[in-house]
Amino acid sequence: MKLKLLVATFALVGLSACAQTPMSAGGGAPRTATLARATIPHYRLAIADIIEISVWHNKRLSETVPVRPDGRISMPLIGAVPVAGHTASNVAQTIKSKLAYYVRDPQVTVIVKRVVQDSYEDMVRVTGAVQHPASLHYEPGMTVLDAVLDAGGVDSFAAANDTEIHRVVGHSERVIHVNLGNILSEGRLGTNYRLRPGDIVTVPERLL
């Protein structure tokens with residue numbers, strides 16, 4: 001596995017967001033493809049990525065953690081937090097909301113420290129309410145259904161018809177809606193789109 005450094009800093013509650021230009025582990029400039037990925041603000045976390053969480057004036061809650069195989073991280077007080085498929089700013093906001101029950105006016109910063117992968121461009125990631133969140137090697141002709149089945153299918157909490165493909169095009173992100181429930185239960189393949197390398201398929205949990 002090749003370790004690549006990706007730094008994207010997001011601060012909440014009066015702290016301005018900032019981004020740092022990433023460098024390779026050896027201190028030199030990264031390859032052009034890596035730098036292009038690193039400067040995209042919409043990067044979504046994947047399994048085995050490593051993030052640094054800082055809670056202002058609270059070292060006990062500040063730590064560096066990997067994204068677990070189930071797409072979550074663990075934090076003191078609030079327990080498991082789903083992060084795979086979300087941006088660093090989304091994660092910071094989620095942590096802030098959960099900590100607000102225990103800490104007065106928490107200020108949270110999330111930094112993506114490392115992306116652990118063979119090659120971002122050669123992978124498809126499936127996150128959210130699936131049996132086994134996974135990073136899959138892209139194969140030509142791979143569809144949403146192929147990827148979800150490789151991840152063990154959806155779980156009992158899935159809002160399958162709200163599934164989304166998150167795709168980076170240039171320096172922007174495109175979100176494609178997928179009626180995965182119709183695909184699985186009725187065989188209606190109209191939204192069973194072909195995937196591209198780097199796509200992230202996110203199956204949300206339904207609201208209880």
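Guide: We start with Ile 176. Neighbours within four places in sequence aside, Ile 176 is in contact with Thr 163, Glu 164, Ile 165, Arg 167 and Tyr 193. Keep in mind that this is a predicted model.

Visitor: Is Ile 176 buried or exposed?

Guide: Ile 176 counts as buried, because its relative accessibility is 11% and the cut-off for buried is under 20%. In general, nonpolar side chains tend to be buried together in soluble globular proteins.

Visitor: In which strand does Ile 176 lie?

Guide: Ile 176 belongs to strand S11.

Visitor: How do S10 and S11 pair?

Guide: Strand S10 covers residues 163-169 and strand S11 covers 172-178. They pair in the antiparallel sense, over seven bridges. Arg 167 has Arg 174 in S11 as its bridge partner. The two strands form a hairpin, with two residues between them. Gly 170 sits in the turn and has a positive phi of about 65 degrees.

Visitor: Which strand do three bridges join to S10?

Guide: That is strand S12, residues 200-203, running antiparallel to S10. Opposite Glu 164 stands Thr 202 of S12.

Visitor: What should I know about side chains in a strand?

Guide: In a regular strand they alternate between the two faces of the sheet.

Visitor: What is the volume of the largest pocket?

Guide: About 260 Å³. It is lined by 20 residues, and those closest to its centre are His 86, Gly 128, Thr 202, Val 203 and Pro 204. Strand S8 (123-128), S10 and S12 are the elements that give two or more residues to the lining. By type, the lining divides into seven nonpolar, seven polar and six charged residues.

Visitor: With which residues is Ile 73 in contact?

Guide: Setting aside neighbours within four places in sequence, the contacts of Ile 73 include Ile 51, Ile 53, Val 65, Val 81, Val 83 and Ile 95.

Visitor: How should I read a positive phi?

Guide: Most residues other than glycine have a negative phi. His 57 is not a glycine, yet its phi is positive, near 65 degrees. His 57 is found in the loop between S3 and strand S4 (63-66). Its relative accessible area is 69%, so His 57 is exposed, the cut-off being over 50%.

Visitor: What is the phi of Leu 77?

Guide: Leu 77 has a positive phi of about 75 degrees, and is not a glycine either. Its place is in the loop between S5 and strand S6 (79-82). Leu 77 is partly exposed, because its relative accessible area is 41%.

Visitor: How many helices and strands are in the protein chain?

Guide: Four helices and 12 strands. The protein chain has 208 residues, and 46% of them are buried. Of the contacts with a separation of 6 or more, 56% are between residues 24 or more positions apart.

Definitions and conventions:
Residues are numbered from 1 along each chain as its sequence is written. This is a predicted model: local features need pLDDT of at least 70, side-chain atom pairs count only at pLDDT 80 or more; totals for chains, interfaces and linings use all residues. Side-chain values use heavy atoms; hydrogens and water are left out. Two strands pair if DSSP finds at least two bridges between them. On a 1 Å grid over the protein atoms alone, a cavity is a set of points where a 1.4 Å probe fits but cannot get out, and a pocket is an open set with protein on both sides within 12 Å along at least five of seven lines; lining residues have an atom within 4 Å of a point. Grid points are joined across faces, edges and corners, and a volume is the space filled by probe spheres set on the points. Ala, Val, Leu, Ile, Met, Phe, Trp, Tyr, Cys and Pro count as nonpolar, Asp, Glu, Lys and Arg as charged, and the others, Gly among them, as polar. Contact means heavy atoms within 4.5 Å. Buried means under 20% relative accessible area, exposed over 50%, partly exposed in between (1.4 Å probe, protein chains only).
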